[in-house]
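I opened my notebook and looked up a few things in this structure. My entries follow in the order I made them.

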Amino acid sequence: MSRPVALPGEPPVDHDLAAAHGLTRDEFDRIRALLGRTPTYTELGVFSVMWSEHCSYKSSRRHLRMMPARGERVVQGPGENAGAIDVGDGWLAVFKIESHNHPSFVEPYQGAATGVGGILRDIFTMGARPVASMDSLKFGSFDHPRTRYLLSGVVAGIGGYGNCVGVPTVAGETMFDPAYNANILVNAFCLGLVRRGELLSARASGVGNPVLYVGSATGRDGIHGASLLASAEFHATSESKRPTVQVGDPFTEKLLIEACLEAAKTGAIVAIQDMGAAGLTSSSSEMAGRGGLGIELDLDRVPLREPGLTPYEILLSESQERMLIVAARGRVGELEGIFTKWDLHAVEIGRITDDRRWRVRAGGKVVADIPVAALTDDAPLYDRPAAPPPKPATAPRTTAAAPSASEALRALLASPNVASKRWIFRQYDSIVQSNTVVGPGGDAAVLRIKGTHRGLALTVDSNPRACAIDPYLGAVATVCEAAINVAAAGARPAGITNCLNYGNPERPEIMWQFIRGVEGIRDAALAFDAPVVSGNVSFYNETEGRAIPPTPTIAVVGLLDDFHQRVTQFFSHPGDLVLIVRTGRPQLAASEYASLFGPDGDALGPIDLARERALAEGLVDAAQAGLISSCHDVSDGGLAVALAEACFNPEGPLGAELALAPGFDTARELFGEGRSTVVLSAPLESVVRLTERFRTAGLEVIAGGRVTRPTRLRIGSVIDEDLLELREIYERALPGRIGDR
Amino acid sequence: MRVKVFVTPRQGILDPQGRAVEQALKSLGFDGINGVHVGRYIVLDLKAASADEARDAARRMCDELLANPLIEDYRFEVEPG
Amino acid sequence: MKWGVVTFPGSLDDRDTLHALREVMGQEAVSLWHKDQSLGGAQCVVLPGGFSYGDYLRCGAIARFSPIMRSIARFAGDGGLVMGICNGFQILCEAHLLPGALTRNRSLSFICERVTLRVENSHTPFTRAARQGELLRLPIKHGEGLYVAPEEELRQMEERGQVLLRYVGADGVPSDAANPNGSTRAIAGVANQRFNVFGLMPHPEHAAEPMLGGEDGLRIFQSIIESAG
């Protein structure tokens, strides 16, 4: 075994340099023990990225195991680039959500764009054609000076990339809260479709199989994006060698999608992985690790964008739009032909070995030689201490004089968190690929699967305000919200992916929030029988010691047997009766109303998961039986806002009247949130069946409403408003705040 | 005072536009291309008492708005009159 | 009839156009690769939407030099039917097969929404299945769809009836509010002087099925079928 050599000009490797690479003293000692020697500078860089939280999940791994990941539809659970469920008729849906928070805060356009690019690659690396994207965005207060800049940049970046690769952005959510002033969140979701049996893997096999590098050339982009490096030595290097922002190239990504999917059809791909975080290092070591094999790479063959990159830089580069492929022996030429057809590099840079070592050569010398397991399975695993924070002294906030119900409704519709997000989603191509049955702006998007009657419903949700009060109940509520959103569209919740955004896990209260969040997702996912097949953890979302509120973002994929049975949120027939079906009384805690007009108690009551599931099942049954004309999930802003939104039918607005029982006209009833509630409209002849069905299931059904042709919204004696005026408020709020025409 | 500002992708930063144009030129048969970079050319007409003052103003405009220092370089020329 | 749909690197709606033609309308349609010379015997060639070559430099500027564009120019010169949708429209303008050019939307941002269009000339191979003045609901999705041409040329185009589609409000009248991208004279689609080359920013292929944006787009395809038949 040849011992790796230090290269000229490299700094000496010691505890200080290791610390500058974000490795603790214990971790550095462990590296030396695993190697039986001190690592070279190059190897130190490699360990620092592979043992970073981002790549190793060292703080979260042991807790993530409690998530339910199995189910009869699950074809691929966590552990690959994305999860996959069987959606029928020979099709698999492959999906995942991932964060790109910090890069988007630094450079919003490129940060968001490369976030979209990265999640797309996680999907087509599985052999699936990406068919839909969604995004969950959290910005600071609109009054914060950077918010508008960040919002415009992130939205333009998502559109700039997604539109150019031809993957529709079909849904999303956007929230503004001062808690994100210094740490925005950009979580990107992608779903792809692949035929059963054509799923690709990232598990290397076949000793002697060649390793191909495909896609863009390597530059100095984002070196150490995956770890925390604050090194004097590093800053001392010349300006031109400083790490640079990753720039996305959606055009190359589009070519890469087509080339990879064409290559997948040949059967010549043994394993494939995106060169994402920690680039060439993670993709090569992880593929070898999954297969229990070794790998050899020759860096002299790696296509470079500029001369003079060191092995350290090549191995750690996070240049975008690159993939690593383990090819079947003897079939390299065939694959090269496909990539050349699409004007892309395809270069053989190494081969699979049987010695379970990760060995890298450059300039004819070995520059790294590490047991694969040391980079993957033997990376540190922590059981960090977790403890609830001391109960904060709840200073009684002075509550402004309570507004009238009408005033409150108008204020809520004008709040950026409630108002129409059209300004955002009209910048996204939501229809390319001809599958979008229901696009952005509703409870869930609905796609059809071509050549079948089947449909998919997609939604992404989060509820950081509830999580801030109770990280467990907040997570449960988030899963319920997402599941009811797809059920409202008529789809059965079938699979979950999550992006867990939290602060610094080295602080016990953050670790406690995280664990409680995972427990909440577990319990709710079990209740809906919707396994968690993929996900991503984003820690260290904090600035100057202030963490974001716990923000588990949940995306749910639901299935419709027949997409023609999809239900939209809009009232569509004057004379239809309106029913409100709910699992419990709403509450003002964590509501948008409370954030505008002051708190009303800050406790969250328990959530009855059996009833939540009953509501989802009842909605799916009603949709399949064709009993309902519309169904809208009550969320931000509460019941009154949901009723107004149901009236805003783009095909022509309608009105609604709702009589109220005594005691029902309170702010809590009209504007409360936190319990799954839907607003249904249905013809008279269906209403008895519906009411009985839901009441038998233990749900509360409130009747007394109807859809009207005159465009007024009347709720009891407290609200009587012109809907066209309300719609104007709702539609104008966001562009007005942004200062767009 | 007229100031011509040239904004180009920063050295070493991926320049997808430049690369696409380079490929296209090569496919049209133009040989001997070592590289292509695509940037923006901005002409400012400034009220300024001196070239130094114009230079100063232009530099601040570039830093704050015209260029994104994370991914772009800029240079400018001041033309008297 | 037989259709050809071109795929440039970065074309996106090529698959959608093929889907609408083959699966929805039962037409014979072949996929044409940009490096090919042959048009595969197509009676109408469609240049689809997308971001050919990433739309880097200028929309359509690089695609116009693809080998297949020489064949398409010859085909059009011989009177063959050519339709450019969105990016295809931009390419046809760059290739000087259509007058004018498309520049950035007035809002400077990408816009994806359904718009209302008025058929301004129903006596062409691309619009004959529609009534004069008929309103069509079609989606647009583009960042650079603001149509411009010299004033004198515009005047002549209007006189000759080369403006085939115009953005209008629900009432059928053009207005500033109903003009999504700020196009000159609210122009959404134009033909050449011979009326055998047509470019439009809206996407008829995305209005071909009732559950997915309605069926108004079929008017355009049906017109071409009638013309070729």
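**Ground rules**

I am reading a predicted model, where local features need pLDDT of at least 70, side-chain atom pairs count only at pLDDT 80 or more, and totals for chains, interfaces and linings use all residues. Residues are numbered from 1 along each chain as its sequence is written, while chains are lettered from A and ligands numbered from 1 in the order in which they are written.

**Entry: an open sheet**

I looked up a sheet in chain A. Six strands form this open sheet, in the order β1-β2-β3-β6-β4-β5 (chain A), with mixed pairing. I noted that helices (H or I, at least four residues) and strands (E, at least two) are DSSP runs, numbered from the N terminus. Two strands pair if DSSP finds at least two bridges between them. Which strands are at the edges? They are β1 (74–76) and β5 (169–176) of chain A, and each pairs on one side only. On average, neighbouring strands are turned by 25° against each other, direction ignored. Axes here are lines fitted to C-alpha atoms, for helices over the stretch in contact, and angles run from 0 to 180 degrees between N-to-C directions.

I then followed one pair. Strand β4 (residues 129–139) of chain A runs parallel to β5(A), and seven bridges join them. Lys138(A) has Met175(A) in β5(A) as its bridge partner.

Next I checked what packs on the sheet. Helix α7 (residues 108–124) of chain A touches β3 (91–99), β4 and β6 (185–195) of chain A, and its direction makes about 25° with that of β6(A). Helix α8(A) also packs on the sheet and touches β4, β5 and β6 of chain A. The direction of α8(A) makes about 180° with that of β4(A).

**Entry: a buried strand**

I turned to strand β22 (residues 577–582) of chain A. Six of its six residues are buried, so β22(A) is largely enclosed by the rest of the structure. Buried means that 20 or more other C-beta atoms lie within 10 Å of a residue's own; 12 or fewer is exposed, in between is partly exposed, and C-beta atoms are placed from the backbone.

In a regular strand the side chains alternate between the two faces of the sheet. I looked for this in β22(A). Leu577(A), Leu579(A) and Val581(A) point one way, and Val578(A), Ile580(A) and Arg582(A) point the other way.

β22(A) has two antiparallel partners in my notes. Six bridges join β22(A) to strand β25 (residues 677–682) of chain A, and Arg582(A) stands opposite Thr677(A) there. Five bridges join β22(A) to strand β26 (residues 700–708) of chain A, where Ile580(A) stands opposite Ile702(A).

**Entry: one face of a helix**

Helix α15 (residues 405–414) of chain A came next. Its residues Ala405(A), Ala408(A), Leu409(A), Leu412(A) and Leu413(A) are buried. Seen down the axis, the buried residues fall within an arc of 130° (taken from the directions from the helix axis to the C-beta atoms), so they line one face of α15(A).

**Entry: the cores**

A nonpolar core is a set of buried Ala, Val, Leu, Ile, Met, Phe, Trp, Tyr and Cys residues joined through C-beta atoms within 7 Å. The largest has 328 residues, and Ala93(A), Val94(A), Leu458(A), Ala483(A) and Leu643(A) touch the most other members. Helix α18 (residues 471–488) of chain A gives the most to this core, with 13 residues. A second, separate core has seven residues, including Val5(B) and Tyr74(B).

**Entry: chain contacts**

Contact means C-beta atoms, placed from the backbone, within 7 Å. I found 16 residues of chain A in contact with 10 residues of chain B. That side of chain A has three nonpolar, six polar and seven charged residues. Ala, Val, Leu, Ile, Met, Phe, Trp, Tyr, Cys and Pro count as nonpolar, Asp, Glu, Lys and Arg as charged, and the others, Gly among them, as polar.

For chain C, 21 residues of chain A are in contact with 22 residues of chain C. The largest share of that side of chain A, four residues, comes from α10(A).

**Entry: positive phi**

Most residues other than glycine have a negative phi. Ser434(A) has a positive phi of about 55°. Ser434(A) is buried, with 25 other C-beta atoms within 10 Å. Ala186(C) also has a positive phi, near 55°, and lies in the loop between β9 (163–168) and β10 (187–191) of chain C.

Methods. Contact = placed C-beta atoms within 7 Å.
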